[in-house]
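My entries follow the structure.

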Amino acid sequence: MALRSVAYPGTFDPITNGHLDLIHRAARLCDRVVVAVAEDTGKVPTFTIAQRVALVQAVCADLPNVEVITFSGLLVAFVRRLGVHVIMRGLRAVSDFEYEIQLAGMNRRMAPDIETLFLTPAEQYTYISSSLVRQIARLGGDVSSFVPPVVNTALQERFG
């Protein structure tokens, strides 16, 4: 039995193979996957919101039940407006777990009708994070095994 809809929020700055692994698995489990690219993250992004959306759309183009949209403001208010009742979050390590449990608890307190679903990426992606990918790319390292080819190209163009 498939879930109807799930929202997968994040900054996706940039989208990594770990993110993509979770999106592919969610697309098999759910009728609709909304990849929600956060506009106001409190961080200074490497890529603009338009660039991040374009990269996510490019790597998800083969998934007909995945849509990519931006959001700002409170996540629970956003997913409620979409009519989605499940937020998907990825867990890579114990350090993620503590933060994500806190976030899920706050979301549940604000919106008890919205559930949080945790997925873990495939083993080969557990150490990949956008911040590490950005740092390696900025320092001239090869990130091609951590991100889809279109993202690798965008990082090379960004950091020369």
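I began with arginine 32, which is partly exposed at a relative accessible area of 23% (buried is under 20%, exposed over 50%, partly exposed in between; 1.4 Å probe, protein chains only). The model is predicted: local features need pLDDT of at least 70 and side-chain atom pairs pLDDT 80 or more, while totals for chains, interfaces and linings use all residues. Residues are numbered from 1 along each chain as its sequence is written, and side-chain values use heavy atoms, without hydrogens and water.

I noted six salt bridges in the structure (a side-chain nitrogen of Lys or Arg within 4 Å of a carboxyl oxygen of Asp or Glu).

Arginine 32 pairs with glutamate 67 at 2.9 Å, N to O. The pair joins strand 2 (residues 30–38) to strand 3 (residues 66–71), and the two residues are 35 apart (helices are DSSP runs of H or I, at least four residues, and strands runs of E, at least two, numbered from the N terminus). Glutamate 67 is partly exposed, at 32%.

I then looked up aspartate 113 and arginine 80, whose side chains form a salt bridge at 2.6 Å, N to O. Aspartate 113 sits in the loop between helix 4 (94–110) and strand 5 (115–119) and arginine 80 in helix 3 (residues 75–82), so the pair ties together parts 33 residues apart in sequence. Aspartate 113 is partly exposed at 36%, as is arginine 80 at 42%.

My last entry is histidine 19, in helix 1 (residues 17–29). Histidine 19 is buried at 17%.
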